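My notes follow, in the order I took them.

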Amino acid sequence: MDPIENPYAPGAGTPPPELAGRDEIRAGVRVALERIRRSRPAKSVLMVGLRGVGKTVLLVRMRQEATAAEHHTIFIEAPEARSLPALLAPQLRESLLRLSRSDRATDLARRALRGLAGFTRALKVEYQDIRLALDFDPEPGLADNGDLEQDLTALFLAVGMAARRADTSLVLFVDELQYMKEEELAALITALHRSAQEQMPVTLVGAGLPQLRARTGRAKSYAERLFDFPFIGPLDEVAARRAIEAPADAQGVRVTEAAFRRIFEETRGYPYFLQEWGKHAWDFATRSPIRLDDVESASSGARTALDEGFFRVRVDRLTPGEQRYLRAMAELGAGPHRSGDIASVLGRPVTALGPTRSRLIAKGMVWSPRHGFTAFTVPLFNGFMIRFMRDNDWRP
């Protein structure tokens with residue numbers, strides 16, 4: 001069939017043609033944001049899940065829906081190399097400039113802009129990656145102490161006052177939150193907590209790997225009472241069927257039951273993998289309907305595409321020792337695995353492998369679902385590691 005008309009969209013954060021199985025979480029966030037706007041209590045939301053479950057896609061869609069509902073929104077990704085002030089400052093400036101155009105909120109928005117000027121100047125020495133054009137002179141004593149936790153709290157309260165006056169809210173959408181430094185995460189939690197206590201319309205919708213929940217707890221002990229942590233997992237069979245069949249139906253193409261069953265079996269319902277298998281099955285099929293033999297013939301290409309893109313880009317960041325650790329995990333299966341069992345495969349003491357495990361957690365490759373256990377953050381990664389390191393050179 002015509003590859004130009006292929007409706008499936010595998011990619012990093014690429015919106016799928018059918019966002020299936022996520023209606024409940026989207027509705028929950030819409031309710032929370034509307035309550036925040038009306039100064040009613042609602043928790044911020046931190047979505048957690050493995051790679052490939054569509055967390056970024058959900059954040060993007062939620063932001064679009066929030067913007068359409070006239071909330072003021074900010075979208076940032078928390079990379080490993082940039083500071084929270086550097087990420088927040090320019091987007092806060094844009095949002096405050098928009099708020100300043102509201103007749104009711106002009107004065108308060110300009111005051112918040114003066115606070116942002118003081119915030120930026122006070123923290124430039126410590127966070128040298130801050131670059132921001134200042135629209136107003138700082139207001140002495142407003143968010144300019146040079147202490148991130150205190151200044152961010154004062155800044156959020158100033159922004160919240162302007163948003164409340166304009167009958168709107170400020171919603172921070174933050175992706176890859178697990179990479180944020182702990183002291184910066186603690187400052188963000190404190191600012192959100194204080195905003196909630198003052199009933200200011202400022203909130204966070206974030207996403208990260210499963211270790212994010214533990215990281216927020218370490219940063220601030222009350223974090224679990226401040227956030228909801230919905231787990232975003234693979235799609236069930238009904239939602240996976242929608243994700244595969246609805247885009248094809250829109251093009252007048254059917255997918256046989258046997259073809260869908262094989263796609264679901266290969267992908268385990270993970271949204272990114274569903275898109276990859278759908279794309280390759282479409283390209284391989286010559287006519288409607290897409291049949292089982294089309295899927296079987298396309299599976300090799302889908303697996304290769306995942307190996308060379310989705311999986312390989314992650315393993316290339318690792319040291320040989322870290323790769324061997326993951327290969328030992330793969331030898332044991334999908335996991336989770338006891339740290340002692342992984343050490344036994346490698347013929348090393350558990351204590352000697354502790355630093356390697358810690359680095360892999362920091363790089364977002366594994367996480368600890370419970371004490372003494374380690375699991376992959378990337379679905380089906382055990383199969384890739386076996387294909388990637390076929391020889392026994394990794395063994396002790």
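This is a predicted model: local features need pLDDT of at least 70, side-chain atom pairs count only at pLDDT 80 or more; totals for chains, interfaces and linings use all residues.

Leaving out residues up to four places away in sequence, I found L326 touching L318, L360, M365, V366, F376, F381 and M385.

Next I looked up the largest nonpolar core, which has 72 residues. Within this core, M47, L326 and F381 touch the most other members. I also checked which element gives the most to the core, and it is α12, with seven residues. There is a second, separate core of 53 residues, and I noted L116, A186, L192 and L226 among its members.

Helix α10 covers residues 257-267 and helix α12 covers residues 292-315. Their axes lie 8 Å apart at an angle of about 25 degrees. That angle is under 35 degrees, so I put the two helices down as roughly parallel to each other. The crossing of α10 and α12 is right-handed. On the α10 side I listed A258, A259, R262, I263 and E266, which meet L292, V295, E296, S299 and R303 of α12. By class, this contact has five nonpolar, one polar and four charged residues.

My last entry is on I76, which sits in strand β2, residues 72-77. Is I76 buried or exposed? Its relative accessible area is 4%, so I76 is buried. Setting aside neighbours within four places in sequence, I see I76 in contact with L87, L88, Q91, F173, V174 and D175. I looked at V174 in particular: I76 and V174 are 98 residues apart in sequence, yet 5.0 Å apart in space, C-alpha to C-alpha.

Terms used. Residues are numbered from 1 along each chain as its sequence is written. Side-chain values use heavy atoms; hydrogens and water are left out. Helices (H or I, at least four residues) and strands (E, at least two) are DSSP runs, numbered from the N terminus. Buried means under 20% relative accessible area, exposed over 50%, partly exposed in between (1.4 Å probe, protein chains only). Contact means heavy atoms within 4.5 Å. Axes are lines fitted to C-alpha atoms, for helices over the stretch in contact, and angles run from 0 to 180 degrees between N-to-C directions. Angles under 35 degrees count as roughly parallel, over 145 as roughly antiparallel, 65 to 115 as roughly perpendicular and the rest as oblique. A crossing is left-handed if the near helix is turned anticlockwise from the far one by less than a right angle, and right-handed if clockwise. Ala, Val, Leu, Ile, Met, Phe, Trp, Tyr, Cys and Pro count as nonpolar, Asp, Glu, Lys and Arg as charged, and the others, Gly among them, as polar. A nonpolar core is a set of buried Ala, Val, Leu, Ile, Met, Phe, Trp, Tyr and Cys residues joined through side-chain atoms within 4.5 Å.
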